[in-house]
Amino acid sequence: MNIYNEVLEAQAKFKDVVFPTPLLLSRNLSHEFEADVYLKREDLQVVRSYKIRGAYNKMSSLSESEKKQGIVCASAGNHAQGVAYSCHLLQVNGKIFMPKTTPKQKIKQVKLFGKEFVEVVLTGDTFDDAYSTAVEICTLENKIFIHPFDDAKVIAGQGTVGLEILKDATTPIDYVFVPIGGGGLASGLSTVFKEMSPHTKIIGVEPLGAPSMKTAIENGTNTRLETIDKFVDGAAVKQVGHLNFSICKQNLDDIILVPEGKVCSTILQLYNEEAMVVEPAGALTIAALDFYKDNIKGKNIVCIVSGSNNDIERTAEIKERSLLYEGLKHYFLIQFPQRPGALKEFVNDILGNDDDITYFQFKQKNNKESGPVIVGLELKNKTDIMPIQTKMKEKGFEFHYLNEKEDLFAQLIG
């Protein structure tokens, strides 16, 4: 199957269903990186992500008898919305499996887009859990499975993003940064660029806690990860698609891994500077620019903003992860002397004027000279942490720095 030809056919189907999204110059990012940085705003798509492209292309290609069978899909959120909207447009009944950890906002949107044509089933903690259950039910109930990425029709639909970029670009594009979860968008887009703009370098971007494509390419085989960080839910899968792997290993020029904390900082930056609300996966490509700034200086850059389905209930976690990454939030387990004035001494003699205690957990123990206290500090300047640790040692406060003890941190704070 020729994926490029499939992409062209997909674009012809999209009239009045999938609307072209703008390619906009970001003046702030362009100034910051001394390059022309354009944002492909798939967050403005009808279901707030590019996923409608692949879902609709696949479902519209089904025969009438297949449509009557009904469909099943698994998704962490965005594919589910694209499938749900396609079910409504094509009047196909669908059963959509999503992890129990899916943000409420995404679940609500799936039901809104699908209306009476979809049933949402929450199962497991990850996409992979939901996927396994969905495949079982699909077989038992003899329905058609709509894969979120490992399908030629889905890949072709996502590839129309590339056609739109090349149509709207007024200058040659040097780099395109594309997020990778299962690899559908990266496969389709890279196929288009290798055909129409082969000089453009395609840079895949994955979260550091879920490097499934990078691991697979480095190993030379489609490797399944044992564990992943689920925070960047739209791009956190344990194994990429087999077709996607075979395409990406040929087409991608590089893959960057971005720490989840950096993604969080980028989400906040985009909200404050660009008035953009993006989900973690939608911020991946912009977060990656910091790790490629020497390469892109003076170049024409496109970042795919893949989606904006963020849940406001995650705001506190996003801020916390950002502060930890930026070195502005620190947690300690401190043995506090159990005597009057100990806390006052800690505040006056150890902390600076701009340091703030944001977390304090203490239980007094009788007949003990000291007791354990968990303290969270938020700083104005990340370099202030060293003087604080030095002063604690000088004043005789025994402590454990929890930021560097991941397991203990997760038990006491997470």
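Glutamine 91 sits in the loop between α5 and β4 (94–98). Helices (H or I, at least four residues) and strands (E, at least two) are DSSP runs, numbered from the N terminus. The phi angle of glutamine 91 is near 55°, a positive value in a residue other than glycine. Glutamine 91 counts as exposed because its relative accessibility is 60%. The cut-offs are these: buried is under 20% relative accessible area, exposed is over 50%, and partly exposed lies in between (1.4 Å probe, protein chains only).

This is a predicted model, in which local features need pLDDT of at least 70 and side-chain atom pairs count only at pLDDT 80 or more, while totals for chains, interfaces and linings use all residues. Residues are numbered from 1 along each chain as its sequence is written, and side-chain values use heavy atoms, with hydrogens and water left out.

Lysine 115 also has a positive phi in a residue other than glycine, near 50°. Its place is the loop between α6 (104–114) and β5 (118–122). Lysine 115 counts as partly exposed because its relative accessibility is 44%.

**Two further loop residues**

Serine 49 lies in the loop between β2 (36–41) and α3 (51–60). With a relative accessible area of 0%, serine 49 is buried. Its side chain reaches the backbone nitrogen of lysine 51 at 3.2 Å. A polar contact is a pair of N or O atoms within 3.5 Å; within protein, one must be able to donate a hydrogen and the other to accept it, and residues adjacent in sequence count only if both atoms are side-chain atoms. Neighbours within four places in sequence aside, serine 49 is in contact (heavy atoms within 4.5 Å) with Glu42, Asn78, Ser306, Gly307 and Asn309. The C-alpha atoms of serine 49 and glycine 77 are separated by 10.0 Å, and the two residues are 28 residues apart along the chain.

Threonine 223 is in the loop between α10 (212–219) and α11 (242–251). A polar contact of 3.0 Å joins its side chain to that of asparagine 219. Leaving aside neighbours within four places in sequence, threonine 223 is in contact with Thr215, Ala216, Lys238 and Gln239.

Next comes α11. Its buried residues include Asn244, Phe245, Ile247, Cys248 and Asn251. Among the elements that cover the buried residues of α11 are α1 (3–13), α8 (152–168), α9, β8 (201–207) and α10.

**Aromatic pairs**

The whole structure holds 13 aromatic pairs. Rings of Phe, Tyr and Trp (its six-membered ring) pair if their centres lie within 6.5 Å; planes under 30 degrees apart count as stacked, over 60 as edge-to-face and the rest as tilted. Phenylalanine 336 and phenylalanine 360 form an edge-to-face pair, at 6.1 Å centre to centre and 85° between the planes. Phenylalanine 336 lies in strand β11 (residues 329–337) and phenylalanine 360 in strand β12 (residues 356–362), so the pair ties together parts that are 24 residues apart in sequence. Phenylalanine 336 is buried at 4% relative accessibility. Phenylalanine 360 is partly exposed, at 37% relative accessible area. Ring pairs also link Phe336, Phe346, Phe360 and Phe397 into a cluster.

**Cavity and pocket**

Rolling a probe the size of a water molecule over the atoms shows where empty space is left. On a 1 Å grid over the protein atoms alone, a cavity is a set of points where a 1.4 Å probe fits but cannot get out, and a pocket is an open set with protein on both sides within 12 Å along at least five of seven lines; lining residues have an atom within 4 Å of a point. Grid points are joined across faces, edges and corners, and a volume is the space filled by probe spheres set on the points. By this rule there is one cavity of 30 Å³ or more.

| Site | Volume | Residues nearest the centre |
|---|---|---|
| Largest cavity | about 280 Å³ | Tyr50, Lys51, Gly181, Gly234 and Ala235 |
| Largest pocket | about 700 Å³ | Arg321, Leu324, Asn403, Glu406 and Phe409 |

The largest cavity is lined by 26 residues. Two or more lining residues come from each of α5 (78–90) and α9 (184–196). The cavity lining divides into 12 nonpolar, 10 polar and four charged residues. Ala, Val, Leu, Ile, Met, Phe, Trp, Tyr, Cys and Pro count as nonpolar, Asp, Glu, Lys and Arg as charged, and the others, Gly among them, as polar.

The largest pocket is lined by 18 residues. α15 gives the most, with five residues. By class, the pocket lining has seven nonpolar, five polar and six charged residues.
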